[in-house]
Amino acid sequence: MLASLSLLGWPRGEPALSILIYHRVLPAPDAMRPGEIDAERFEAQVSFLAKHFSLMTVSDAALALREGRLPRRAACITFDDGYADNWTVAHPILARHDARATIYIATGYLNGGRMFSDTVIEFVRRVPGPVLDLSSVGMGVHPVATDEERLKAVSALQVQLKYLAPEERDAQVRRMLAAQPVGALPDDLMLTDAQLRHLADAGHEIGGHTVDHTVLTTLSLDGARAQVQAGRDHLAALLGRPVRSFAYPNGRPVRDYDAGHPAMLRELGFEAAVSTSPGVALPGADPFQLPRYTPWGNSTAMFAARMMRNARMGGPAAVV
């Protein structure tokens with residue numbers, strides 16, 4: 001009831017598109033992944049969204065926005081990267097509410113791959129305490145006696161790796177693992193080809209997210225084009241359908257993508273792209289710089305309040 005009341009004063013007289021970012025939906029909470037939503041909370045959020053918003057895929061919402069027929073309260077549920085629990089956990093919840101999501105795939109990690117960020121989490125989860133010493137590979141010394149300390153170590157290591165070129169990033173991850181062996185890490189975190197086909201056949205939109213989640217501004221424009229095009233072509237061949245939208249890795253304007261990248265996506269035939277700049281998309285918004293934000297909030301009422309606050313921000317920051 002409180003969540004519903006919080007939307008009675010929805011601040012936009014004109015249509016507004018809220019695009020929500022998710023990555024994983026965990027079967028149960030995980031102390032090493034506090035930023036990831038669990039199934040119970042995701043079900044509550046999807047139930048709320050289905051009752052109070054017109055849920056759309058990103059490409060369909062972008063088309064409606066361009067054609068002037070977007071509902072007043074429209075929303076998209078998006079997932080980044082391509083985690084297996086998008087199919088095993090999230091899809092059944094979405095299906096119960098007749099909701100379709102847009103899932104952005106880093107194609108290089110399908111079928112047993114593991115993103116560097118997940119390697120860091122699973123590595124730090126397993127290292128013995130109380131101290132993780134990676135000074136031999138230039139990655140510092142980190143206390144890991146408690147879950148809180150392990151989370152700080154994860155953050156510090158991910159920051160060191162995030163903006164490296166893919167080859168150097170992967171080489172540094174290998175050096176990190178060699179400096180402190182922890183045994184086998186999980187190889188079932190990401191979607192398989194079969195699971196991805198199931199998602200597409202169920203009506204979810206599958207979008208591009210490069211091959212190996214490389215931040216586009218770390219590459220030349222030709223290098224960025226190759227990453228985007230290879231990921232798109234892989235998905236189109238696998239699914240037998242066009243890939244209509246794209247999510248910028250990391251997604252912050254200027255730092256993670258620049259003015260050349262939306263133009264490049266248009267040239268490659270995409271119809272829309274999403275950033276991680278907060279706000280809502282209003283009539284006249286650039287379809288290649290649609291805002292998205294992460295719906296934090298442990299209760300549905302907090303979730304609704306934060307959607308309201310995000311809508312009050314208006315349109316996003318963008319590159320020109």
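Axes here are lines fitted to C-alpha atoms, for helices over the stretch in contact, and angles between their N-to-C directions run from 0 to 180 degrees. The exercises below use this idea and others on a predicted model.

**Exercise 1. Describe how helix 8 and helix 9 are placed against one another, and state which classes of residue form their contact.**

Step 1. Two packed helices are described by the angle between their axes and by the distance between those axes. For helix 8 (residues 193-201) and helix 9 (residues 221-239), the angle is about 75° and the axes are 10 Å apart.

Step 2. Angles of 65 to 115 degrees count as roughly perpendicular, and therefore helix 8 is roughly perpendicular to helix 9.

Step 3. On the side of helix 8 the contact involves Asp-193, Leu-196, Arg-197 and Ala-200, and these meet Leu-235, Leu-238 and Leu-239 in helix 9. Sorted by class, the residues of this contact are five nonpolar, no polar and two charged.

**Exercise 2. Work out whether His-142 is buried or exposed, and describe its surroundings.**

Step 1. His-142 belongs to strand 8 (residues 141-143). Buried means under 20% relative accessible area, and because the value for His-142 is 11%, this residue is buried.

Step 2. Leaving aside residues up to four places away in sequence, His-142 touches Pro-130, Val-131, Leu-132, Ala-153, Ala-156, Leu-157 and Gln-160. The side chain of His-142 also reaches the backbone oxygen of Met-139, at 2.7 Å.

Step 3. Gly-129 is 13 residues from His-142 along the chain, and the C-alpha atoms of the two are separated by 9.6 Å. Gly-129 is joined to Pro-130 by a cis peptide bond with omega of about 5°, and Pro-130 lies in the loop between helix 5 (116-126) and strand 7 (131-133).

**Exercise 3. Asp-81 and Asn-111 have positive phi values; locate each residue and decide how accessible it is.**

Step 1. Asp-81, which is not a glycine, has a phi of about 95°, and its place is in strand 5. Its relative accessible area is 5%, so Asp-81 counts as buried.

Step 2. Asn-111 has a phi near 65° and is likewise a residue other than glycine; it lies in the loop between strand 6 and helix 5. At 45% relative accessibility Asn-111 is partly exposed, because that class holds values between the 20% limit for buried and the 50% limit for exposed.

**Exercise 4. Place Asn-250 in the chain and list the residues it touches.**

Step 1. Asn-250 is found in the loop between strand 10 (245-247) and helix 10 (260-267).

Step 2. Not counting residues up to four places away in sequence, Asn-250 touches Lys-162, Tyr-163, His-213, Val-215, Asp-256 and Thr-276. With Tyr-163, the side chain of Asn-250 forms a polar contact of 3.4 Å to the side chain of that residue.

Conventions
Residues are numbered from 1 along each chain as its sequence is written. This is a predicted model: local features need pLDDT of at least 70, side-chain atom pairs count only at pLDDT 80 or more; totals for chains, interfaces and linings use all residues. Side-chain values use heavy atoms; hydrogens and water are left out. Helices (H or I, at least four residues) and strands (E, at least two) are DSSP runs, numbered from the N terminus. Angles under 35 degrees count as roughly parallel, over 145 as roughly antiparallel, 65 to 115 as roughly perpendicular and the rest as oblique. Contact means heavy atoms within 4.5 Å. Ala, Val, Leu, Ile, Met, Phe, Trp, Tyr, Cys and Pro count as nonpolar, Asp, Glu, Lys and Arg as charged, and the others, Gly among them, as polar. A polar contact is a pair of N or O atoms within 3.5 Å; within protein, one must be able to donate a hydrogen and the other to accept it, and residues adjacent in sequence count only if both atoms are side-chain atoms. Buried means under 20% relative accessible area, exposed over 50%, partly exposed in between (1.4 Å probe, protein chains only).
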